[in-house]
Amino acid sequence: MTGFPSFELFRDLLNSSFKDKEPWQIVTITTTTVLAAVWLWEYCFDDDESLYDRGKKKFFKLARYVPSIRDKIDTELAEINSNFEKDAAHRLTGVQCFTKLPEKGWRQEEVLAMVNKCVNLGNYDWKSGKVSGTVYRNDEELIDLVTSVYGVASYTNPLHADVFPGICKMEAEVVKAACNLFHGGSESCGTMTTGGTESILMACKALRDYAKDVKGINKPEMVVPTTAHSAFDKAAQYLKIKTITVPVNPNSFTVSIESMRKAITKNTIMLVGSAPNFPYGTMDNIEAISKLGVAYNIPVHVDACLGGFLICFMEAAGFSMPPFDFALPGVVSISADTHKYGYAPKGSSIVLYREKKYRHYQYTVTTDWPGGIYGSPTVNGSRAGGIIAACWATMMYFGMDGYVKSTKKVIETTKYIEQELRKMDGIFIFGLPATSVIAIGSKQFHIYRLSDALGAKGWNLNPLQFPSGIHICVTHLHTEPGFADKFLEDVRTELAVIMQTPEAPVEGKLAMYGMSQSIPDRSVIGEFTRFFLDSMYYIPSDEVEIKANGKPPGS
């Protein structure tokens, strides 16, 4: 041992330290040291968050124990909560609220009158085309069709396949038609879901369970761009998956492929690409991500929830598109919303898989329940057969020809708006819009001022952060004559005003939104986001109870 003097020194030091200790003391000290080392290792390395992030959270949490800091934060949060409640009350102006059942039921016409009144609350006229995204088509003939279809199938439930085999047939046909649109082979498959978030959640669940069963991965990680939809974060929280977020290129605003490659570890269960992403409407290089997936034997998920039912028709509509779907060997799953550019009623989406072996891991199966063997394909057990039937009816109503024509109009309108916006001084476009989303920023003034000014003219656009921006999601409503030109005219008018005082600060509600980006303690932002969600369920304290005669107000 002469070659290791440091070891001998350590050994002698250790022996001398324990020479006067009794056996039980040695065992206790050794056990405590090992447990402490394990705890320290897990704290530093075995957590979904980095040591820096956890340290920062711990710091801000401890800071709140300082009375002056705690009181200031609590006061600000209380004011924010109060403002949210006031806004909610203002939105309900002119309509009475009810917190008890009527003693006697209302007549049909009374119910419909109150429903119409509630549906038409709000300050934005979405039918005029002044809302970004949200409602993707306003077609009276289509509305009549899906209303009739839902009425026929409103009480059906595909959970009971023996009772409603026709609903299962329609769902299977929706899924297979989508598989063919996304170049799926004979083994491609999927399910319908209630929306894009559930589609993403199901894909993450399937690929997590597949990785655990086939590869033995017990600490799953998924690699996602910063621009990937927040539903992936929700899935990570629900399913205990660690999210590895990688940056986008500062010019193209598409994911950095090299950063994605470096983020891959032995625990990576999936790579994610957006086609396109929600914030900027840019499309990640799915072909390059697919090559990474093949090289490292990692499934690739393509999130096409927003533009899926545009991009699958764009080639037929005369627009070139890079490959993005099952035509690429690395793509294993795809999410796409039928209730956006598929024009089906809200509450319908699809998740698709290259092979059935992946879909099997999406299912939840219970074999030993006293109520019988139970299996369900998605989060919900019971599902709305009326939505499935209405989605099927919508797809049959449009057909290939109808979707191609609609896609052509949406993409042409988007390109027209983009071209005109690029001609305007004071603003720029983030990256290259792939489908229907155009994101706008400015280096000369705070872009939220433009959003606020357009809001005063009735436009409802989406604010973006990190960096600040706004975007418009072009829908079929914007393709109607004059809508696009009206938007461009209003942008030009407000830009001219803003550029007279470009240094002026943001005011109003968007000032708070802009300020939130600079708050280092993100838990505070989380708290007032929860207050906003609470306000969606807020009923003013002076709500009106239904009278004993059961008659609604005004009757």
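Residues are numbered from 1 along each chain as its sequence is written. Because the model is predicted, local features need pLDDT of at least 70 and side-chain atom pairs count only at pLDDT 80 or more, while totals for chains, interfaces and linings use all residues, and side-chain values use heavy atoms, with hydrogens and water left out.

The secondary structure comes to 18 helices and 13 strands; helices (H or I, at least four residues) and strands (E, at least two) are DSSP runs numbered from the N terminus. Of the 555 residues, 44% are buried, where buried means under 20% relative accessible area, exposed over 50%, and partly exposed in between (1.4 Å probe, protein chains only). The accessible surface amounts to about 29500 Å², and carbon and sulfur atoms hold 58% of that surface. Such areas come from the Shrake-Rupley method with a 1.4 Å probe, and for residues only the protein chains shown count as cover. Among contacts with a separation of 6 or more, 72% join residues 24 or more positions apart, a contact being heavy atoms within 4.5 Å.

Helix packing comes next. Two packed helices are described by the angle between their axes and the distance between the axes. Helix H6 (residues 140-153) packs against helix H14 (residues 385-422) at an angle of about 145 degrees, and the two axes are 8 Å apart. Here the axes are lines fitted to C-alpha atoms, for helices over the stretch in contact, and angles run from 0 to 180 degrees between N-to-C directions. From H6, the residues that make the contact include Leu142, Leu145, Val146 and Val149, and from H14 they include Ala389, Ala390, Ala393, Tyr397 and Phe398. The crossing of H6 and H14 is right-handed; a crossing is left-handed if the near helix is turned anticlockwise from the far one by less than a right angle, and right-handed if clockwise. Helix H14 also holds serine 406, which counts as buried because its relative accessibility is 4%. Leaving aside residues up to four places away in sequence, serine 406 touches Arg137, Tyr343, Phe398 and His476.

The backbone has a few spots worth a visit. Most residues other than glycine have a negative phi, and most peptide bonds are trans. The bond from alanine 275 to proline 276 is cis, with omega near -5 degrees, and proline 276 sits in the loop between strand E4 (268-274) and helix H11 (286-296). Another cis bond runs from phenylalanine 466 to proline 467, with omega near 5 degrees; proline 467 belongs to the loop between strand E12 (462-464) and strand E13 (469-473). Lysine 240, which is not a glycine, has a positive phi of about 60 degrees. This lysine 240 lies in the loop between helix H9 (231-239) and strand E3 (242-246) and is exposed at 63% relative accessibility. Asparagine 297 likewise has a positive phi, near 55 degrees. Its place is the loop between H11 and strand E5 (300-304), and asparagine 297 is exposed, with a relative accessible area of 54%.

Charged side chains form 16 salt bridges, each defined by a side-chain nitrogen of Lys or Arg within 4 Å of a carboxyl oxygen of Asp or Glu. Aspartate 139 and arginine 137 meet in one of them (3.8 Å, N to O), and both residues are buried. In another, the closest N and O atoms of arginine 492 and glutamate 420 are 3.2 Å apart. This pair links distant parts of the chain, 72 residues apart, with arginine 492 in helix H16 (residues 483-498) and glutamate 420 in helix H14. Arginine 492 is partly exposed at 38%, whereas glutamate 420 is buried at 14%. Aspartate 490 and lysine 486 also form a salt bridge (3.3 Å, N to O); they are four residues apart in helix H16, so about one helical turn separates them. Aspartate 490 is buried, with a relative accessible area of 2%, while lysine 486 is partly exposed at 35%. Arg107, Glu109 and Glu110 are linked in a network of salt bridges.

Phe532, Leu533, Met536 and Tyr537 make a nonpolar patch of about 480 Å². Patches are made of residues with over 30% relative accessible area and no salt bridge, with like charges joined within 9 Å and nonpolar side chains (Val, Leu, Ile, Met, Phe, Trp, Tyr) within 5 Å. Phenylalanine 532 lies in helix H18 (residues 522-535) and is partly exposed, with a relative accessible area of 38%.
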